[in-house]
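Here are my notes for you to read alongside the model. Keep the viewer open and look up each residue as you go.

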Amino acid sequence: ADRPALAIQRGCVPGTRVMGELRVRTLPLVVVVALVLCGTFAGSYTLAITSGHTDGTIVPFISLTINYPPESCLGGVGLSTAAFLTAFHLLLLHRVMSAGIDLHRGTERHTNVVLLCCAPTWWSAKALHRLNVANTFFGVLACLLLNGIAGVQYSNLPNIHNTLAGSFFSAAALFMILNCILDHGLGQSNLIMRVIRIALVFVSLMSLPAFVVGAIFIKTTYAVMVSAIAETLMTACLALYFGSLVLHFKGFQVGLFAKAVEPRALDLSSSELPTSGNIGEGGDPWNVEMGTEDEMSLGLVKS
């Protein structure tokens, strides 16, 4: 079926043409993030063990595996790259969730994005949008804190490093909690996936106090060991939770567009005449070009 015409590209110069576009599927990008994280942790852990920088502990703090060179070089670059790519995916996830809320509620602000089938829910669209914003905020905040952890080694500034680590895991836990609530509100996942996500959140919340106590307040051998194990559990839960979001990106493409749209003449005898709803800039009703949805330079589309 033909898609509806939309008023777009204000001020388009007649005779312009499409310059080009680049589209990349989002699912392979998620796989790249997973590979970067796994490679960073495995490589830095191996280098730290072989270099004797872990004090002989089998389960050291992740901070100890990126504390001294050469593992600090790999850890810094790998974690910074993963933080940037994860933040990028969380912004895309915000866009996908926002489109899903609008389509589910009938507002259809994003007409060219089709999300997974949503179940009936009693949540208001306004509440879901606010929850989506808060979820994205804490997720991106966690990525920024992870980038700070990668750049501030424990051996140089231990107090600042511990503060960044505690803040990172707290923001990540809030992200998982809010995402669980948002997922329940939209009804996008089946029962098994919801149970798995809730279990991951529960393990993270139980591990967070143990990590903070042993890393910052109590420095006994037993407390430090428990804290290191708790940190490893939280990291694994966070990685698995992010991996469970892969289905949200399945079938989507992210696009970088550089194009100008060829204007289409208005039929003065039809209903295409400009109205008060599509008057162009400066109050000029003719400062609007009509086109199809394919000509919109939106950054996320369903393939």
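1. Start with the salt bridges: a search of the whole structure turns up one. The partners are Arg197 and Asp183, and their closest N and O atoms are 3.3 Å apart. Keep in mind that this is a predicted model.

2. Where do the two partners sit in the chain? Arg197 belongs to helix 5 and Asp183 to helix 4 (residues 158–186), so go to both helices when you look for the pair; the partners are 14 residues apart, and the bridge links distant parts of the chain.

3. Is Arg197 buried or exposed? Its relative accessibility is 2%, and buried means under 20%, so Arg197 counts as buried. Asp183 also comes out at 2%, so Asp183 counts as buried by that cut-off.

4. Besides its salt bridge with Asp183, Arg197 lies over the face of Tyr241, at 5.8 Å from the ring centre.

5. Now for the aromatic rings, where the count comes to five pairs. Take Phe137 and Phe138: the ring centres are 5.2 Å apart and the planes stand at 75 degrees. Why is this pair called edge-to-face? Planes over 60 degrees apart get that label, and 75 degrees qualifies, so the pair is edge-to-face. As for cover, Phe138 has 23% relative accessibility and counts as partly exposed.

6. Another edge-to-face pair is Phe168 with Phe169, at 5.0 Å centre to centre and with 65 degrees between the planes. Phe168 is buried, at 9% relative accessibility, and Phe169 is buried too, at 6%. Which residues do ring pairs link into a cluster? They are Phe61, Phe168, Phe169 and Phe211.

7. You'll find Ile58 in the loop between helix 1 and helix 2 (71–105). Why does Ile58 count as exposed? The cut-off for exposed is over 50% relative accessible area, and Ile58 has 70%, so Ile58 is exposed.

Conventions. Residues numbered from 1 in each chain as written. Predicted model: local features only at pLDDT ≥ 70, side-chain atom pairs only at ≥ 80, totals over all residues. Heavy atoms only, no water. Helix = DSSP H or I, 4+ residues; strand = E, 2+ residues; numbered from the N terminus. Buried < 20%, exposed > 50% of the residue type's maximum accessible area, 1.4 Å probe, protein only. Phe/Tyr/Trp six-rings, centres within 6.5 Å; stacked < 30°, edge-to-face > 60°. Lys NZ or Arg CZ within 6 Å of the ring centre and 35° of its normal. Salt bridge = Lys/Arg side-chain N within 4 Å of Asp/Glu carboxyl O.
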